[in-house]
Amino acid sequence: FLKSYFFIHNSPYTQRWAFKYWGNHNNKIIYPINHLKLFKKNIFIKNHPLQNKNKNLISIGRFTDSGHSKRHDYILRAFKKVQKISGNDFNLFMVGSLDFSNSEDLNYFQKLKKLGNNKIHFFPNLEYEKLHELLSISKIYIHAAGVEKDPLKSPEMLEHFGISVVEAMVYGLYPVVYSIGGPAESIKVLNAGETFDDFDSLV
């Protein structure tokens, strides 16, 4: 089977685990970024109601607590702790797809909203151009998929590549990502942003 196929991996992280599970095989890494498009910033940010002098953080990921969770709850708790410590006036934008027919996902989303406050804004199923509006008025991107998972026992639970991180960097956002997984490798290659190891280091 392995000899009869040519495998395309989306990141060094994926490639490394494929080698670990399957051994040597014909493969190549192709980063899934060819479709990324930069919209003109000035058509969005003029008089945007949430511009807030661009003092905004953003995180993108589907709203679900099952499988490959993006850990919105972790980010929310860290943001609220920072608010308490520093009194900062940043906004936090939480953007992601939401399956309204899935009761578990809806319950998860409602729990997240209960953790929110007037500086935390939720955007389920946001239109693509509206997402780019938010990216164009933000400064920092936060990504926490994989936290509190065992990377050796459950590597599939960590982020494999993290295209939203690269998408945010196209807009000049400063990425802060979990130290294990595809996004950490990407920002190391691109020499931008920083990683966190646990809750306190994220704060």
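## Burial, strands and salt bridges

Student: Is E148 buried or exposed?
Tutor: Buried means under 20% relative accessible area, exposed over 50%, and partly exposed in between, using a 1.4 Å probe and protein chains only. E148 has 60% relative accessibility, so the residue counts as exposed.

Student: Good to know! What kind of model is this?
Tutor: Residues are numbered from 1 along each chain as its sequence is written, and side-chain values use heavy atoms, leaving out hydrogens and water. Local features need pLDDT of at least 70, side-chain atom pairs count only at pLDDT 80 or more, and totals for chains, interfaces and linings use all residues, as this is a predicted model.

Student: Which residue meets E148 in a salt bridge?
Tutor: A salt bridge here is a side-chain nitrogen of Lys or Arg within 4 Å of a carboxyl oxygen of Asp or Glu. For E148 the N to O distance is 2.9 Å, and the partner is R71.

Student: How far apart in sequence are the parts tied together by E148 and R71?
Tutor: Helices (H or I, at least four residues) and strands (E, at least two) are DSSP runs, numbered from the N terminus. R71 lies in the loop between β3 and α2 and E148 in the loop between β6 and α5, so the parts this pair ties together are separated by 77 residues.

Student: Which residues make up the salt-bridge network with R71?
Tutor: R71 itself is buried, at a relative accessible area of 10%. Salt bridges that share partners form one network, and its members are R71, D73 and E148.

Student: How many residues of β3 are buried?
Tutor: Both faces of β3 are covered, with N56, I58 and I60 on one side and L57 and S59 on the other. The strand is largely enclosed by the rest of the structure, because the buried residues number five of the five.

Student: Which residue of β6 is the bridge partner of I58?
Tutor: Two strands pair if DSSP finds at least two bridges between them. Five bridges join β3 to β4, running parallel, and I58 stands opposite F93 there. β3 also runs parallel to β6, with two bridges. In β6, the bridge partner of I58 is Y141.

Student: Why is α5 described as largely enclosed?
Tutor: Among the elements that its buried residues pack against are β3, β7 and α6. The buried residues themselves are S164, V165, V166, E167, A168 and M169. Helix α5 is largely enclosed because the number buried, out of eight residues, is six.

Student: What is the relative accessible area of H9?
Tutor: H9 lies in strand β1. Counting contact as heavy atoms within 4.5 Å, and leaving out residues up to four places away in sequence, H9 touches residues including T14, H25 and I30. H9 is buried, with a relative accessible area of 5%.

Student: Which residues make the nonpolar surface patch?
Tutor: Patches take residues with over 30% relative accessible area and no salt bridge, joining like charges within 9 Å and nonpolar side chains (Val, Leu, Ile, Met, Phe, Trp, Tyr) within 5 Å. Accessible areas come from the Shrake-Rupley method with a 1.4 Å probe, and for residues only the protein chains shown count as cover. This patch covers about 310 Å², and its residues are F6, I8 and I30.
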